[in-house]
Amino acid sequence: MALAVFLVLVGVYGVTAPGHTDSSDAEGYLQQARSLLRGEHGIEITGENQRITPWRPGRDGVPAAIGGIGYPAAMTPLVAVGGLLGRAVPEEHADVVERLLAGFTNGLITAMCAAALALAARRLGAPLGGAALLGLGYGLGTYAWAHAGGFFSEPFTALLLMLAVLSALRGREVRAALHAGLAGLAAGGSALARPSALLFVPIIGAYVVWTGLCRGRARGALLGGVAFAAGA
């Protein structure tokens with residue numbers, strides 16, 4: 001079910017992807033992903049991109065990006081593939097190919113988030129069809145679709161938070177400490193995409209502790225809280 005939701009949305013997002021950056025933030029994220037692949041901490045500022053790429057001088061004077069590192073890190077696989085494929089086309093088109101591949105990043109991320117939402121709904125008792133409908137409704141009936149075609153960090157933030165919720169729900173059934181740690185890791189990691197996501201960390205952590213208390217195990221609740229905090 002979750003796989004079907006993912007594949008349907010990947011297909012729709014692939015057809016509707018713009019294939020190019022459309023804002024200064026998007027250009028900044030792309031330059032960050034490129035610098036990560038080069039193993040450098042500074043971004044490349046040229047005469048062509050200096051007026052649209054947000055940056056500021058770093059401590060050593062090297063141009064530094066403005067924004068979290070989480071989403072650019074998530075972009076690196078497709079940027080790398082785009083760079084490799086760009087070598088097979090004329091040099092003047094290489095940048096277009098790289099941007100085209102990079103533009104699919106949020107489509108994949110949003111499809112994963114919708115699949116995780118459907119799985120979470122199943123954990124909460126939704127029927128199979130209802131969970132699938134919820135996932136598709138999120139992917140095609142909300143602003144998530146618009147974000148899937150862009151280069152902003154909201155989809156990656158949402159995915160990590162959704163994975164945190166899914167892990168917390170899974171921890172109610174088996175391996176509570178392990179899944180509490182995974183929930184903390186995903187929730188804490190969301191702040192690498194958007195620092196404002198830290199707001200959700202204590203909420204999910206409180207749920208982990210509360211589920212332990214509901215099982216009548218104070219020791220389990222404490223262990224779950226420690227595991228969540230360690231993961232975060």
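Which helices each supply at least two residues of the lining of the largest pocket? They are helix H2 (24-38) and helix H4 (91-102).

## Ground rules

This is a predicted model, where local features need pLDDT of at least 70 and side-chain atom pairs count only at pLDDT 80 or more, while totals for chains, interfaces and linings use all residues. Residues are numbered from 1 along each chain as its sequence is written, and side-chain values use heavy atoms, with hydrogens and water left out.

## The chain at a glance

The protein chain holds 11 helices and 2 strands; these are DSSP runs numbered from the N terminus, with helices being H or I of at least four residues and strands E of at least two. Along the sequence they follow the pattern α-α-β-β-α-α-α-α-α-α-α-α-α. Along the principal axes, the C-alpha atoms fill a box of roughly 65 × 45 × 25 Å.

Of the 232 residues, 43% are buried (buried is under 20% relative accessible area, exposed over 50%, partly exposed in between, with a 1.4 Å probe and protein chains only). Among contacts (heavy atoms within 4.5 Å) with a separation of 6 or more, 70% link residues 24 or more positions apart.

## The largest pocket

On a 1 Å grid over the protein atoms alone, a pocket is an open set of points with protein on both sides within 12 Å along at least five of seven lines, whereas a cavity is a set where a 1.4 Å probe fits but cannot get out; lining residues have an atom within 4 Å of a point. Points are joined across faces, edges and corners, and the volume is the space filled by probe spheres set on them.

The largest share of the pocket lining, 4 residues, comes from H2. Residues of the lining include Glu-27, Arg-34, Arg-38, Asp-95 and Arg-99. By class, the lining divides into 1 nonpolar, 3 polar and 7 charged residues (Ala, Val, Leu, Ile, Met, Phe, Trp, Tyr, Cys and Pro are nonpolar, Asp, Glu, Lys and Arg charged, and the others, Gly among them, polar).

## Glu-98 and its partner

Glu-98 is found in helix H4, and it counts as buried because its relative accessibility is 13%. Its side chain is joined to that of Arg-34 by a polar contact of 2.5 Å (a pair of N or O atoms within 3.5 Å; within protein, one must be able to donate a hydrogen and the other to accept it, and residues adjacent in sequence count only if both atoms are side-chain atoms). Arg-34 also lines the largest pocket.

## Nonpolar cores

The largest nonpolar core has 21 residues, and Tyr-71, Met-75 and Phe-156 are among those with the most contacts inside it. Such a core is a set of buried Ala, Val, Leu, Ile, Met, Phe, Trp, Tyr and Cys residues joined through side-chain atoms within 4.5 Å. H2, helix H3 (70-86), helix H5 (105-123) and helix H8 (154-170) each give two or more residues to this core, with the largest share, 6 residues, coming from H8. Apart from it lies another core, of 13 residues, including Leu-161 and Phe-228.

## An enclosed cavity

There is 1 cavity of 30 Å³ or more, and the largest cavity has about 80 Å³ of space. Of its 13 lining residues, those closest to the centre are Gly-171, Ala-176, Ala-180, Val-208 and Thr-211. The cavity lining has 4 nonpolar, 7 polar and 2 charged residues.
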